[in-house]
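I opened this model to look up a few residues and the packing around them. My notes follow in the order I took them.

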Amino acid sequence: MTGPAPMPMVGLREDAVVDAADGVVTITQPFGAVTLRGVPRAVESLLRELPGTLAGEDDLAERLLAAGGTSQEAAVLYLTLSRLHPVLVHAVEPLLRVAPIARDAGFRLPALTPQDTVSLSRFAFVRRSEQGLVLESPMSRHRVTLTEDAMPLLAALARPVLVKEAPEALAHLVAAGMAFAGDAEERDPALRAWDFHDLLFHSRSRSGRHDQPFGATFRFADELPPEPAVKRPPEGAAVELYAPSLEEAAVADPPFTTVLESRRSVREYAAPPTLRQLGELLYRAARVKDVHGPVPGRPYEASSRPYPGGGAAYELELYLTVARCEGLDGGVYYYDPLGHRLVTLPARPEDTRAMLAVARLATGGLADPDVLITVTSRFRRVSWKYSGLAYAATLKNVGVLYQTFYLVATAMGMAPCALGSGDADLAARAFGLDWATESSVGDFLIGGAPAGSGP
Ligand SMILES: Cc1cc2nc3c(=O)[nH]c(=O)nc-3n(C[C@H](O)[C@H](O)[C@H](O)COP(=O)(O)O)c2cc1C
């Protein structure tokens, strides 16, 4: 690779704060702080100047000596910098800068020979950010900022690259966990088990391994109103649903432990469900019980439903694709959880058939679905409040709704089965939804009664 000779340099992130007094230096960054003791004054003042700057380690030592420092203090400077490696920015100017984004961002340059090869991790990806073009990876506790000069190297990394082509830059990418020597990554059985997107989602939807905003940040509070607690139902012919007496249900239900212990996934049916059964199931598992206005600490409308929901946001919506149901025409319906009624949607028959075919496939062809309940998410309900974990929270909410359906259906003698896959594009088309605004995140089959359970 041609271009100016690359220069290794160190510095601190622009947002690092250095507190130094009486030999005690504390460096605070968004993800944590480190404290060093016994630091000479001459080293203290160099460290204070490091945030947002870069310098060669030898240049820093020369600066210390030029300012009247002793050679012993210069030796302490090298030692201090080596102890600070996990919190420093490591740059290969003018190609790239490696900045720590998490605690314990170990950074150790590997011993590589010119004939070794280095490969980019299959988990690494490039994206545009406020810092410019950045290389990130769930395998790394660093972020690498790339300059235009780094583009030939990046392009070359489509394949393994000989170390002699770019020794400094490649060693820095390996030290940052963005690349690896030889076939180390392919040989790691723990890593082979991860899909690229799953590992990225895992690393970013929990705290500790990145420096992104996380948790209840209410980042859109000043820009966008929160989505309403209850979605405005679409236009369409309404089908009123049966609302059971909960007192009667409580008497008729088997004991809780019997329900829990007899719950199973059922994929063969004795009979299709009735409209009355569907009404009871939806009422007991998914209706809106109450709507609450904003309160201090929760500046958005919330609701109560029979299942728990993160932040009481209740972003999940239900759509029914009906093949057979006594008392209800086949077709596609939206469940209005406040009005407790179905709203008929104008789905094309081929989309209805395709929804049912995809559900059947998810059971390995075992079920011939009578009623498919598809769960969609109004994503902005959750992301208006939460940064980083919004989608993970939605999937957890789908899980608790699944279990609520399982338990109510079991208590009612119906045939429940959760599904782990569904076609989000097809569902958006069948339900007339914008994929990015509200799309499917879960599917659940429901039959009238399990096969073998009698009429
Ligand atoms: C999140 C989740 C996804 C599932 N996905 C499917 C699926 O796609 N197809 C299917 O036939 N069963 C699916 N099931 C049902 C499981 O196969 C079933 O719960 C498991 O085999 C245990 O059996 P049991 O539910 O009868 O106790 C799923 C269950 C859950 C909780």
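I started with Leu328, which counts as buried because its relative accessibility is 9%, under the 20% cut-off. I kept in mind that this is a predicted model.

I placed Leu328 in the loop between β19 and β20. Next I listed what Leu328 touches, leaving out residues up to four places away in sequence: Val239, Leu275, Leu278, Val322, Tyr333 and Leu342. Leu328 and Leu278 sit 50 residues apart in sequence, yet their C-alpha atoms are 9.9 Å apart.

**The largest nonpolar core**

Which residues touch the most other members of the largest nonpolar core? I found Leu342 and Phe405, in a core of 34 residues. Then I looked up the elements that give two or more residues to this core: α11 (275-286), β19, β20 (331-336), β22 (371-378), α14 (390-412) and β25 (438-447). The most comes from α14, with 8 residues.

Beyond four places in sequence, Leu342 touches Ala237, Ala238, Val239, Leu241, Leu275, Leu282, Leu320, Leu328, Tyr333, Tyr334 and Tyr335. I also found a second, separate core, with 24 residues. Val92, Leu173, Val174 and Ala176 are among them.

**Arg305**

I turned to a charged residue. Arg305 lies in the loop between β18 (302-304) and β19 (316-322). Is Arg305 buried or exposed? I found Arg305 buried, and without a salt bridge. The nearest side chain of opposite charge belongs to Glu317, 5.3 Å away.

I did find a polar contact at 3.1 Å, from the side chain of Arg305 to the side chain of Ser303. Not counting residues up to four places away in sequence, Arg305 touches Ala229, Val230, Ala286, Arg287, Val288, Lys289, Tyr314, Leu316 and Pro337.

**Annotated domains**

Last, I checked the UniProt record, an unreviewed entry. It annotates residues 119-211 as "domain: Cyanobactin oxidase ThcOx second". I noted 34% helix and 24% strand for residues 119-211, with the end C-alpha atoms 26 Å apart.

The unreviewed UniProt entry also gives "domain: Nitroreductase" for residues 261-436. For residues 261-436 I noted 36% helix and 24% strand, and end C-alpha atoms 39 Å apart.

Terms used
Residues are numbered from 1 along each chain as its sequence is written. This is a predicted model: local features need pLDDT of at least 70, side-chain atom pairs count only at pLDDT 80 or more; totals for chains, interfaces and linings use all residues. Side-chain values use heavy atoms; hydrogens and water are left out. UniProt positions are given in the numbering used here, feature names are shortened, and annotations may be inferred rather than shown by experiment. Helices (H or I, at least four residues) and strands (E, at least two) are DSSP runs, numbered from the N terminus. Buried means under 20% relative accessible area, exposed over 50%, partly exposed in between (1.4 Å probe, protein chains only). Lys and Arg count as positive and Asp and Glu as negative; His and the chain ends are not counted. A salt bridge is a side-chain nitrogen of Lys or Arg within 4 Å of a carboxyl oxygen of Asp or Glu. A polar contact is a pair of N or O atoms within 3.5 Å; within protein, one must be able to donate a hydrogen and the other to accept it, and residues adjacent in sequence count only if both atoms are side-chain atoms. Contact means heavy atoms within 4.5 Å. A nonpolar core is a set of buried Ala, Val, Leu, Ile, Met, Phe, Trp, Tyr and Cys residues joined through side-chain atoms within 4.5 Å.
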